[in-house]
Amino acid sequence: DYYVQMVNSTAFQVFDKTGADVSGIISMNTIWAGLGVTSLGDPIVFFDQEYERWFLTEFNGSGNALLIAVSETSDPLGSYYTYEFSTPSFPDYPKYSLWSNSVVVTTNEGGGGEEFYLIDRLALINGADDVSIQRFVIPSSPGSPGFFVLTPVDWIGETAPPSDALPMVMRMNDDAWGGAGSEDEIEIFEIDVDWDNPDN
């Protein structure tokens with residue numbers, strides 16, 4: 001029933017389907033006040049169509065962390081569950097997607113590979129106090145550019161992925177990079193996450 005727009009440094013605004021403003025401009029820091037943190041930017045908003053929840057996301061303005069707010073209902077002007085997830089380095093340029101059991105987040109943390117996270121989607125939606133997050137790193141492709149972020153695969157539409165389908169991320173390799181092979185290619189990685197045992 002709504003369209004939610006976020007702009008960098010950082011605010012959001014809610015419109016109805018006719019385009020009428022129903023909220024005015026709202027500072028994102030009103031959302032994060034309960035966490036005692038402020039935000040820095042790179043906002044992303046998306047709607048979980050299966051559970052009818054809004055996700056508002058940014059990175060933390062004072063540390064290495066991702067901020068995620070999940071609406072408690074389908075109303076983007078209602079209350080939100082808010083979370084802060086620490087990262088070992090600054091999680092620049094985050095990109096999000098939804099999968100059956102996970103919220104997938106890819107980042108650029110300036111390390112020796114491409115970093116991404118899986119977060120327990122149902123725990124987020126249910127407002128759990130303790131939400132599992134697991135970090136993964138794929139070694140960088142030879143010759144790839146220094147600033148690179150994987151693309152998380154998302155599902156949108158009336159048909160959900162098969163129940164046994166695994167979350168996926170993908171990246172491209174360009175033959176012009178000089179170390180990635182003689183042909184352009186897309187690599188797709190599946191992740192079989194074990195929420196009970198992060199060492200698996």
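Good morning. The chain exposes about 10000 Å², and carbon and sulfur atoms supply 47% of that area; accessible areas come from the Shrake-Rupley method with a 1.4 Å probe, and for residues only the protein chains shown count as cover.

A word on the basis of these values. This is a predicted model, in which local features need pLDDT of at least 70 and side-chain atom pairs count only at pLDDT 80 or more, while totals for chains, interfaces and linings use all residues. Residues are numbered from 1 along each chain as its sequence is written, and side-chain values use heavy atoms, with hydrogens and water left out.

I turn to the fold. The chain has two helices and 14 strands; these are DSSP runs numbered from the N terminus, with helices being H or I of at least four residues and strands E of at least two. The radius of gyration is 18 Å, close to the 16 Å that the globule rule gives for 200 residues, so the chain is as compact as a globular protein of that length. That radius is taken over C-alpha atoms, and the rule is 2.2 Å times the number of residues to the power 0.38. The C-alpha atoms fill a box of roughly 55 × 35 × 35 Å along the principal axes.

Of the 200 residues, 42% are buried, meaning under 20% relative accessible area, with exposed over 50% and partly exposed in between (1.4 Å probe, protein chains only).

Finally, one residue. Leu122 lies in helix 2, residues 121–125, and counts as partly exposed because its relative accessibility is 38%. Its C-alpha atom is separated by 30 Å from that of Met172, 50 residues apart along the chain.
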